[in-house]
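The structure under discussion is shown next.

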Amino acid sequence: MPAMGDTTTMTPVMRSIVERTVESPDTVSLVVADDTAERCGPGMFHMLWSPGVGEVPISVSRIGAGRITFTIRAVGATTTALCGAEPGEAIGTRGPFGRPWDLDVAR
């Protein structure tokens, strides 16, 4: 069985939403408890799954100790469902994916 957060599996791992912040009428930031946070870097993303609705790629907007923040704009069925998720609920994640970029080079 793959480890939690293993990107070799196509099965999402259910993660708890620990915080929800409304950024604007159509944009929400969700903080999830995620043991893959230490493997994330700038420019990376996760596939987020809303059970019964669908899955979408969402960039990581903040990384903290055991937590990842995703800022999501409601533009379709899946992103609208994710924006409606509340703390205590779970969403599925797969990732991180992509290649991080170097902040020093970007500066």
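Two strands pair if DSSP finds at least two bridges between them. The model described here is predicted. Strand S4 (residues 54–64) and strand S5 (residues 67–73) run antiparallel and are joined by four bridges. Within this pairing, Ile 63 has Ile 68 in S5 as its bridge partner. S4 and S5 form a hairpin with two residues between them, and Gly 66 in the turn has a positive phi of about 70 degrees.

S4 is also joined to S3, in this case by six bridges, and these two strands again run antiparallel. Here Met 47 has Pro 57 in S4 as its bridge partner. The hairpin of S3 and S4 has three residues between the strands, and Gly 52 in that hairpin takes a positive phi near 80 degrees.

| Hairpin | Residues between strands | Glycine with positive phi |
|---|---|---|
| S3 and S4 | three residues | Gly 52, near 80 degrees |
| S4 and S5 | two residues | Gly 66, about 70 degrees |

Helix H1 spans residues 77–83 and contains Leu 82. Leu 82 counts as buried because its relative accessibility is 0%. Leaving aside residues up to four places away in sequence, Leu 82 touches Leu 30, Leu 48, Trp 49, Ser 50, Val 56, Ile 72 and Ile 91. Between Leu 82 and Phe 70 the C-alpha to C-alpha separation is 10 Å, with the two 12 residues apart in sequence.

A search of the whole structure accordingly returns zero disulfides.

The aromatic pair count comes to one. Its members are Phe 45 and Phe 97, in a tilted arrangement with 5.6 Å centre to centre and 35 degrees between the planes. This pair links distant parts of the chain, since Phe 45 lies in strand S3 (residues 45–50) and Phe 97 in strand S6, 52 residues apart. Phe 45 counts as partly exposed because its relative accessibility is 28%.

Strand S6 (residues 90–97) also holds Pro 96. The peptide bond between Gly 95 and Pro 96 is cis, with omega about 10 degrees.

Technical notes: Residues are numbered from 1 along each chain as its sequence is written. This is a predicted model: local features need pLDDT of at least 70, side-chain atom pairs count only at pLDDT 80 or more; totals for chains, interfaces and linings use all residues. Side-chain values use heavy atoms; hydrogens and water are left out. Rings of Phe, Tyr and Trp (its six-membered ring) pair if their centres lie within 6.5 Å; planes under 30 degrees apart count as stacked, over 60 as edge-to-face and the rest as tilted. Buried means under 20% relative accessible area, exposed over 50%, partly exposed in between (1.4 Å probe, protein chains only). A disulfide is a pair of cysteine sulfur atoms within 2.5 Å. Contact means heavy atoms within 4.5 Å.
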